[in-house]
Structure formats: C-alpha cells, structure tokens
Amino acid sequence: MSESYLNHPTFGLLYSLCQVNESQALFTTLYAQRLFFRVYFGSLENATDSQNVGAEELVFDPISRNEARQLIEEQMRLMRRAARKDELEQLQLIYKQTFS
C-alpha cells in the first residue's frame, strides 16, 4: 500500500489509513490524527462544461474515532480471510500507530 494524501478544504492535508473498497478510503488529519474521514471517490455525473467531464468528485464524510477503528478492524478481518499477509501486516502497523 503506497502513501496517499488528499487536501481537505477546511482541515488541510489528510493521510490515507486504508482503502475500504473501490470507491471509499479512510483518511485522517496528517499531524494530529484526531479527525477521521471516510472519503468517497466518484465521477461527476452532472458535469456541465467540457472541463469537468470525467472529473472525480470527492465527498468527505467525517466519522468518529471509534467508527474509524471499526473500519480498520473490519479490513483486517477481510485480509485475514483472504490470506493477504503482507497487506495485513501493514494495516496492523497503521492500526497500532493510530489507535494505541
């Protein structure tokens, strides 16, 4: 898993903790890691000008620390079941650094 960052319009730089599915990822504020966001990636369906056709829209959904912890725990369970050992070890390290 490579490092990924997004710029939130209010809270600044966000750091990716894990991918939830193809269109969602979990992010936290870069330095404090106190605010968590589920970010939805999607294409703009109602693009009105040619510059926005095919552009991606980001939706920042703020979630609690507990919800973020539960999302990562669920991803770790899925990785265990799928025998994705390397990814699981990386996610366990992120979990420990973020929630311990």
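This is a predicted model: local features need pLDDT of at least 70, side-chain atom pairs count only at pLDDT 80 or more; totals for chains, interfaces and linings use all residues.
Started with Q24: leaving out residues up to four places away in sequence, Q24 touches Q19, R38, V39, Y40 and F41 (contact means heavy atoms within 4.5 Å). I placed Q24 in strand β3, residues 24-29; helices (H or I, at least four residues) and strands (E, at least two) are DSSP runs, numbered from the N terminus. Q24 is buried, with a relative accessible area of 13% (buried is under 20%, exposed over 50%, partly exposed in between, with a 1.4 Å probe and protein chains only).

Numbering runs from 1 along each chain as its sequence is written, and side-chain values use heavy atoms, with hydrogens and water left out.

**Rings**

I searched the whole structure for aromatic pairs and got 5 (Phe, Tyr or Trp rings, the six-membered one for Trp, with centres within 6.5 Å; planes under 30 degrees apart are stacked, over 60 edge-to-face, the rest tilted). Y5 and Y15 have ring centres 5.6 Å apart and planes at 50°, so I logged the pair as tilted. Y5 sits in strand β1 (residues 5-8) and Y15 in strand β2 (residues 12-21), so this pair ties together parts 10 residues apart in sequence. Y5 is partly exposed at 38%, whereas Y15 is buried at 17%.

Next I looked at F11 and F37, another tilted pair, with 5.6 Å centre to centre and 40° between the planes. F11 is in the loop between β1 and β2 and F37 in strand β4 (residues 36-43), so I have a link between distant parts of the chain, 26 residues apart. F11 comes out partly exposed at 43%; F37 is buried at 4%.

**Helices**

Then I checked how α1 (residues 65-81) packs on α2 (residues 85-99): the angle is about 160° and the axes are 9 Å apart (axes are lines fitted to C-alpha atoms, for helices over the stretch in contact, with angles from 0 to 180 degrees between N-to-C directions). That makes the two roughly antiparallel (over 145 degrees; under 35 is roughly parallel, 65 to 115 roughly perpendicular, the rest oblique).

For the contact, I listed the α1 residues that meet α2, including I72, M76 and M79, and on the α2 side L88, L91 and Y95 are among them.
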